[in-house]
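These are my notebook entries on a structure that I had not examined before. I set down what I looked up, in the order in which I looked it up.

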Amino acid sequence: MANLLSLCMALAVVTALLVSFHVGKLTISQEIYFPQIEKFPSLATASSHVCCSCNSSSSLDEWLHPKEVWHSMTDEELMWRASMAPRVEEYPHNWTARVAFMFLTRGRLPLGPIWEWFFKGHEGFYSIYVHASPEFKEEAVESSVFFKRRIPSKPVEWGAATMINAERRLLANALLDFSNQRFILLSETCIPLFNFTTIYNYLINSNQTFLGSFDDPRPMGRGRYNKRMWPLVTLADWRKGSQWFAIDCKISIEIISDLKYYPVFRDHCRPPCYMDEHYPTNLSD
């Protein structure tokens with residue numbers, strides 16, 4: 001019953017906040033309207049779990065809030081640096097919590113104009129990270145919210161461990177910024193269904209993490225379990241969920257710093273077992 005309740009909550013939030021669909025040809029009207037922000041809550045104090053990482057700059061602000069997302073770190077170096085978190089929860093200065101919007105795409109964002117309107121006027125309350133194919137070389141125009149928000153990326157193959165690698169890469173880059181307290185994974189076909197204020201307030205003020213997790217007895221659920229995962233992962237513990245999520249710092253750090261479960265899923269969860277539908281939910285269950 002608890003798992004069913006968790007699933008219903010996760011699906012309700014994902015369905016309410018974001019919708020994903022395949023786009024053929026889209027004409028965007030200037031009449032699209034997102035209600036403007038009226039008032040944000042005061043967020044001068046840190047949340048119960050503050051995430052932080054390092055930056056080579058001697059400036060504290062640059063160290064905690066790096067402005068550039070492009071770097072020369074390897075994945076191993078990135079995961080190590082992003083997994084750091086302070087033991088002292090109270091931040092020595094006033095700060096504003098942000099929501100990290102992480103776009104996992106193959107190339108350009110066909111629905112980018114909708115996101116431009118969504119983010120307009122809310123600077124300082126969000127961060128954007130884009131993981132695109134390394135072969136995609138186009139850069140957004142300088143006036144765009146996506147300008148220079150691409151992170152160092154690697155090729156991604158659908159259904160392979162490289163998909164999880166990309167998700168971990170996005171999370172790790174977002175964790176480098178101390179301000180990011182909620183992390184949303186999106187595709188190029190996702191759009192917001194509510195205005196920025198509604199989504200921001202809901203996520204920042206929630207003590208819940210929205211990550212689908214349920215026991216599916218069908219072949220596309222339990223049937224994907226590989227006995228070679230035993231004893232670290234048992235059939236009784238095997239769960240399935242959606243690739244897309246909205247999670248907090250604690251789970252984000254667990255995902256990028258995991259060295260125990262990741263190799264097991266990488267080696268034994270292969271098509272028709274899809275790692276992106278099983279690894280995050282089993283790790284956090």
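**Entry 1: the chain as a whole**

I counted nine helices and six strands in the protein chain; helices (H or I, at least four residues) and strands (E, at least two) are DSSP runs, numbered from the N terminus. The model is predicted, so that local features need pLDDT of at least 70 and side-chain atom pairs count only at pLDDT 80 or more, while totals for chains, interfaces and linings use all residues. Residues are numbered from 1 along each chain as its sequence is written, and side-chain values use heavy atoms, with hydrogens and water left out.

I noted that 49% of the 285 residues in the protein chain are buried (under 20% relative accessible area, with a 1.4 Å probe and protein chains only). Of the contacts (heavy atoms within 4.5 Å) with a separation of 6 or more, 81% are between residues 24 or more positions apart.

**Entry 2: helix H4**

I looked up the buried residues of H4, which spans residues 112–119, and found Gly112, Ile114, Trp115, Phe118 and Phe119. They lie on the same side of H4, because their arc around the axis is only 155° (taken from the directions from the helix axis to the C-beta atoms). Gly121 follows H4 and has a positive phi, near 85°.

**Entry 3: Asp216**

I located Asp216 in the loop between helix H6 (196–204) and strand S6 (246–248). Is Asp216 buried or exposed? I found Asp216 buried, at a relative accessible area of 5%. Beyond its neighbours within four places in sequence, Asp216 is in contact with Gly221, Arg222 and Lys240.

Key: Buried means under 20% relative accessible area, exposed over 50%, partly exposed in between (1.4 Å probe, protein chains only).
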